[in-house]
Amino acid sequence: MEWVLRFHGVGNASAVELGSAMATLEREGAPWLTIDCGGEGLTAFQARYGDMPRAVFITHLHLDHVAGMERLFVASYFDPARRGQVRLYVPAPLVPLLHQRIASYPNVLAEGGANFWDAFQLVPVGEAFWHDGQRLEVFPVRHHWPDTAFGLRLRGSVVWTGDTRPIPEMLARHADAGELIAHDCGLHGNPSHSGIDDLEREYPPALLARCVLYHYASAEDGEALRARGYRVATPGEGAALSPPRQVELP
């Protein structure tokens, strides 16, 4: 079975030309699970698949990662086949923040009669959740403020760090099965994001060799990262993945 990580956008919040950092796990060429819902990323998703996501994992709530949620609400609420069926997997600490940031706007439809959550099947998640027969792991990352940003792992296949500083202790635990690691990395770091010097300082070469870098500031920065020998994602690129490993539970 073919698995692919499709990058809809690879830029930081200011790099509109690179698209908002967002991706979809594809299985046999079809969208299986989408990661985040940024504005430009959602447009790229629609252009590629001719549809809206039916299952989304939210990493954190900065607007370049959730600005498409209102459009997703409209597309889901007004389609009887989708209303209440679109799964939103949201780390439990983010649920009240997501409600406050996106869902609590008074009278979500001018006509009344609707709640934001009517459009979705909200699934609060802890350290792991199941989607379509596969178990995925969730882990906290270092971005902006504690317990407000989370990464995702499909064991044996892929790790998506989301926006983060280096997290060697988390990757030692959640990327120990040969996964491709999609990692936040710009040419220069800051208190909320990794720079390439940070990754080179914190990670061993063998782990860096498994990384594909995204969330950078410009096409020129992407080229500079490639010139240092790293794999750098581009908008629309599909990264081939190993099939997930069967999880053995006690």
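A contact here means that heavy atoms lie within 4.5 Å, and in this chain residues 24 or more positions apart account for 57% of the contacts with a separation of 6 or more. The model is predicted, with local features needing pLDDT of at least 70 and side-chain atom pairs counting only at pLDDT 80 or more, while totals for chains, interfaces and linings use all residues. Residues are numbered from 1 along each chain as its sequence is written, and side-chain values use heavy atoms, with hydrogens and water left out.

**Fold and dimensions**
- The chain holds eight helices and 14 strands, taken as DSSP runs (helices H or I, at least four residues; strands E, at least two) numbered from the N terminus.
- The C-alpha trace spans about 55 × 45 × 35 Å along its principal axes.

**Burial**
- Of the 250 residues, 54% are buried, where buried means under 20% relative accessible area, exposed over 50%, and partly exposed in between (1.4 Å probe, protein chains only).

**Backbone exceptions**
- Most residues other than glycine have a negative phi.
- Asn107, in the loop between helix H4 (95-103) and strand S6 (120-125), has a positive phi of about 55 degrees.
- Asp132, in the loop between strand S7 (128-131) and strand S8 (134-140), has a positive phi of about 50 degrees and is partly exposed, with a relative accessible area of 45%.
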